[in-house]
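This report goes through one protein chain, part by part. It begins with a single residue and its partner, then turns to the whole chain and to selected contacts.

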Amino acid sequence: MSVDDSHKQTIIIRINENQFPEVFDFNNRTIDPSPLTDAEYIKSKVGDISFGDILALPTAGLNPFVLKKNNMDTECAKINSLIASEFGKIKNDKKIAGVIGGTGISTDPFGETSFTELISAYDEQVNALDDHVDLFIIDRISSMPDMRAALLSCKKTDKAVLICIDADHFENTGNNRVSSLTGLITAQEMGADGYGVAFSKKQKDEDVAALINELTSYSKIPLMMDLSFFDSAPAEKLTCLGVDMFICSVKQQPPLRSSKKFFKPPAIDDFFVFTHYGSMFFLKADTTEISEPIRCQPDMEDIITEVCSTSCDVLRVEINSSDDAIDFARNSHMSTIPVMFVSENLIALKMALMLYQGIALIDSSTLIPKKDLEKICKKYGAVVY
């Protein structure tokens with residue numbers, strides 16, 4: 001998604017489930033898609049969409065985990081495919097975005113669901129939408145595993161992927177959580193095409209401005225603001241801070257567009273930036289102290305804690321097998337410093353990077369071929385050091 005001087009901000013119209021009470025009856029836990037076969041019904045419920053460029057589908061709550069949690073007796077693939085195909089009939093010259101919402105599931109070690117099971121659930125929804133949409137929006141996700149799993153699923157397609165999470169100015173280091181800034185760093189290094197935050201009308205203008213300015217300082221990709229929960233669009237001064245895309249509800253007066261070039265390179269100097277859940281780490285190449293490699297085992301919390309209490313800046317972890325990758329993933333939340341994997345086993349290294357909830361380093365002493373390293377670094381955002 002390139003941005004140039006002649007570009008005007010993109011307006012994304014959020015279509016909500018509550019606009020279609022005949023279809024989504026959450027009180028009775030039922031979904032009846034039959035009204036959607038009438039294009040005039042959809043048009044009457046959606047309203048005026050002439051001001052927008054992209055229609056964001058009402059599919060955020062239609063992944064397998066949410067459907068099961070709400071006892072919805074409907075197949076994930078079937079309902080997502082049907083909704084996307086029917087809304088495609090009214091799009092005219094607009095693009096259609098498949099919206100992927102959170103699962104609300106805690107993954108291992110904080111829950112019983114594995115990270116690979118989470119990816120498989122997102123795969124089911126993404127595959128159902130893929131033939132009918134032009135891009136994907138990962139929407140209002142609050143956990144790092146959810147965001148990464150959804151992004152890995154969407155990136156299996158050849159379509160653009162945008163991510164939008166609830167605004168959070170501060171780092172959130174709670175289990176599984178993702179903050180606005182760690183979400184941005186992780187998403188862009190893993191190949192997201194745009195990143196944004198959703199604000200509420202309770203948030204002050206100065207807080208909105210402060211967060212957008214902070215994100216702009218680190219962003220390598222276009223930024224997005226979700227204004228759909230405002231009564232009306234904020235003042236123009238808030239829409240010209242470096243934001244390239246806006247999500248609006250159909251009832252809002254959209255923000256004024258500008259031909260100003262918003263996207264700008266990040267103002268980061270000679271730091272490497274790494275993430276883990278809601279924590280962010282800054283490293284300088286000439287001052288970084290790396291620990292001796294530690295061996296993986298099922299219970300290694302004390303080992304990790306001991307190394308993290310030393311003067312080391314990076315925790316180096318030996319990954320010799322898939323079991324090592326799993327063992328470390330179950331204990332990685334104990335690390336308070338960034339992680340470096342040392343491995344000669346490509347499959348095991350891939351698994352370790354997939355399960356690590358953030359951006360990790362790879363020890364450059366590995367004998368794994370450079371082309372293989374480049375491929376997995378691109379997929380998982382890792383850095384060879």
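## Salt bridges

Glu-86 has a relative accessible area of 10% and is therefore buried; buried means under 20% relative accessible area, exposed means over 50%, and partly exposed is in between (1.4 Å probe, protein chains only). The model is predicted, so local features need pLDDT of at least 70 and side-chain atom pairs count only at pLDDT 80 or more, while totals for chains, interfaces and linings use all residues. Residues are numbered from 1 along each chain as its sequence is written, and side-chain values use heavy atoms, with hydrogens and water left out.

Glu-86 forms a salt bridge with Lys-89, and Lys-89 is exposed at 52% relative accessibility. A salt bridge here is a side-chain nitrogen of Lys or Arg within 4 Å of a carboxyl oxygen of Asp or Glu. The whole structure holds 14 salt bridges. Three of them are listed with the separation of N and O.

| Salt bridge | N to O distance |
|---|---|
| Asp-226 and Arg-14 | 2.3 Å |
| Glu-86 and Lys-89 | 2.9 Å |
| Arg-295 and Glu-318 | 3.4 Å |

Asp-226 in strand β9 (residues 223-226) and Arg-14 in strand β1 (residues 10-14) are 212 residues apart, and their pair links distant parts of the chain. Both Asp-226 and Arg-14 are buried. Together with Asp-139, these two residues are linked in a network of salt bridges.

The salt bridge between Arg-295 and Glu-318 also links distant parts of the chain, with Arg-295 in the loop between β12 and α8 (301-308) and Glu-318 in strand β13 (residues 315-318). Arg-295 is exposed at 54% relative accessibility, and Glu-318 is partly exposed at 21%.

## The chain as a whole

The chain has eleven helices and 17 strands. Helices (H or I, at least four residues) and strands (E, at least two) are DSSP runs, numbered from the N terminus. Of the 385 residues, 53% are buried. Contact means heavy atoms within 4.5 Å; among contacts between residues at least 6 apart in sequence, 71% join residues at least 24 apart.

## Aromatic pairs and a sheet

Rings of Phe, Tyr and Trp (its six-membered ring) pair if their centres lie within 6.5 Å; planes under 30 degrees apart count as stacked, over 60 as edge-to-face and the rest as tilted. By this rule there are eight aromatic pairs. Phe-110 and Tyr-277 are edge-to-face, because their ring planes stand at 65 degrees, with the centres 6.0 Å apart. Phe-110 lies in the loop between β5 (95-100) and α4 (115-130) and Tyr-277 in the loop between β11 (272-276) and β12 (279-283), so this pair ties together parts that are 167 residues apart in sequence. Phe-110 is partly exposed at 25% relative accessible area, whereas Tyr-277 is buried at 8%.

Tyr-218 and Phe-282 form a tilted pair, 6.2 Å centre to centre and with 50 degrees between the planes. Tyr-218 is in helix α7 (residues 205-218) and Phe-282 in strand β12, 64 residues apart.

Strand β12 also belongs to an open, antiparallel sheet of three strands in the order β12-β11-β15. Two strands pair if DSSP finds at least two bridges between them; β11 and β12 pair over five bridges. The edge strands, each pairing on one side only, are β12 and β15 (358-359).
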